[in-house]
Amino acid sequence: MEIPGLGTYINRMNELSASPPDTLTSLIGMDRAELARAVEAIGEPEKSAILRAKQLWHWIYHHGVDDFSHMTSLNGALRDALAASYTLERPKITREQKSQDGTRKWLLRFADGQEAESVFIPEEDRGALCMSSQVGCTLTCRFCHTGTQRLVRNLDAREIISQFMVARDAYGEWPSPRDGRMISNIVMMGMGEPLFNYDNVAKAMHIAMDPEGLSISRRRITLSTAGVAPLIERCGAELGVGLAISLHAVTDDLRDELMPINRKYPLAQLLDACRRYPSASNARRITFEYVMLKGINDSRADAKALVRLIAGIPAKINLIPFNAWPGAPYECSEPDVIAEFARIVNKAGYSSPVRTPRGRDILAACGQLRSESVRLPRAARLSKPGPAAAPPVALT
Ligand code: SAH
């Protein structure tokens, strides 16, 4: 009897058992103290470990080398010992796509086979790398494709910062250039809710910001949250990066429906956290993202209510035309409706750019990310061959 999907399932199982064991520990994602411990663990005396960690840091995050033999400031014996126990390998690029508008999307596979996407959005002479913080997302915002992905886990700091390193590899921007970088900014706006994975995201951002390494200034990093109010303050105090809030609705009733997280942290609590965000009192404004959904949240009354809601917060409103995905329950507002909304917000003194959708043709635009391998945890995979072998959700 032919069991649908069984062939693919068996192939997949064979592939899994044939993969070589991941025995080498990666040094990517380690901070200086961890690097020092890692060199001590392979016999480096404690007194020189800190210096070695500094050198390693420079090779890994400034030069971007992925081979210990290139670390010419370390002696040969140490390079060999490092290579015997550690790796600097990047996650595998399972697919790379380039949009007609130059946007690039990488699907990356991590050591356990889970996958996540990152997207580079180029401007003329610079650009932002949109990085993921989780595989999938638990938020289930109704307009977002990522929220329909079943399997979710946090990415660790290594997996988060590796996305940046892969992109830099692709653009050949090593050693970390001072000026004229294409990959000039980071936006934590990919798959996942970064504040549900705060520790790993924070560790990765500290690595990204370190001036002796990747050297992306905190002013060039923006973290976007659906509104995990209690962690917003901590994010401001510890990271000081730019804050973006996915607002999308101006009443609790509608926001509860569009974004279930609002039931836990309603608008008043969210806006209170924004008012206390450190950058709000400095020159940096908070970005409020507002997806334009036809007939749902795009009226003139909504625009006016939005202005009242954020009164007193130094802010910029990013209007995002809704990006459709297969089976999406919404449509994008008409261009003249978006323009009118923008005009009202702008007249109230807020910058209100309408975000040009980028990479729509490769499903790389906001809310379209979703890795193909919607895979179940191992136990479930073994007992339910169907879902594990299901064909990928269309990305192109
Ligand atoms: N969880 C975080 C990070 C994801 S950022 C957050 O919610 O902010 C992704 C941004 O794209 C968010 O503002 C999200 O609300 C928005 N978005 C999701 N689906 C979208 C869609 N289909 N069209 C346009 N924007 C969308």
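**Parallel strands and the nonpolar core**

Strand β9, helix α6 and strand β10 form a right-handed β-α-β unit. The model is predicted.

**Strand β10 and its neighbours**

- Strand β9 covers residues 185–188 and pairs with β10 in the parallel sense, over three bridges.
- Within this pairing, M188 has L223 of β10 as its bridge partner.
- Strand β11, residues 242–246, runs parallel to β10 and is joined to β10 by four bridges.
- Here S224 is bridged to A244 of β11.
- A right-handed β-α-β unit is also made by β10, helix α7 (residues 229–238) and β11.

**Burial of β10**

- Strand β10 spans residues 221–225 and is mostly covered, with five of its five residues buried.
- On one side of the strand, I221, L223 and T225 are buried.

**The largest nonpolar core**

- This core holds 116 residues, and those touching the most other members are L27, L56, I60, F143, M205 and F288.
- Domain 1 (29–89) and domain 2 (92–362) both contribute residues, so the core lies between them.
- Leaving aside residues up to four places away in sequence, L56 touches L27, L35, V39, F68, M71, L74 and L82.

Technical notes
Residues are numbered from 1 along each chain as its sequence is written. This is a predicted model: local features need pLDDT of at least 70, side-chain atom pairs count only at pLDDT 80 or more; totals for chains, interfaces and linings use all residues. Side-chain values use heavy atoms; hydrogens and water are left out. A nonpolar core is a set of buried Ala, Val, Leu, Ile, Met, Phe, Trp, Tyr and Cys residues joined through side-chain atoms within 4.5 Å. Buried means under 20% relative accessible area, exposed over 50%, partly exposed in between (1.4 Å probe, protein chains only). Domain bounds come from an automatic or database domain assignment. Contact means heavy atoms within 4.5 Å. Helices (H or I, at least four residues) and strands (E, at least two) are DSSP runs, numbered from the N terminus. Two strands pair if DSSP finds at least two bridges between them. A crossover is right-handed if, with the strands pointing away from the viewer, the path from the first strand over the helix to the second runs clockwise.
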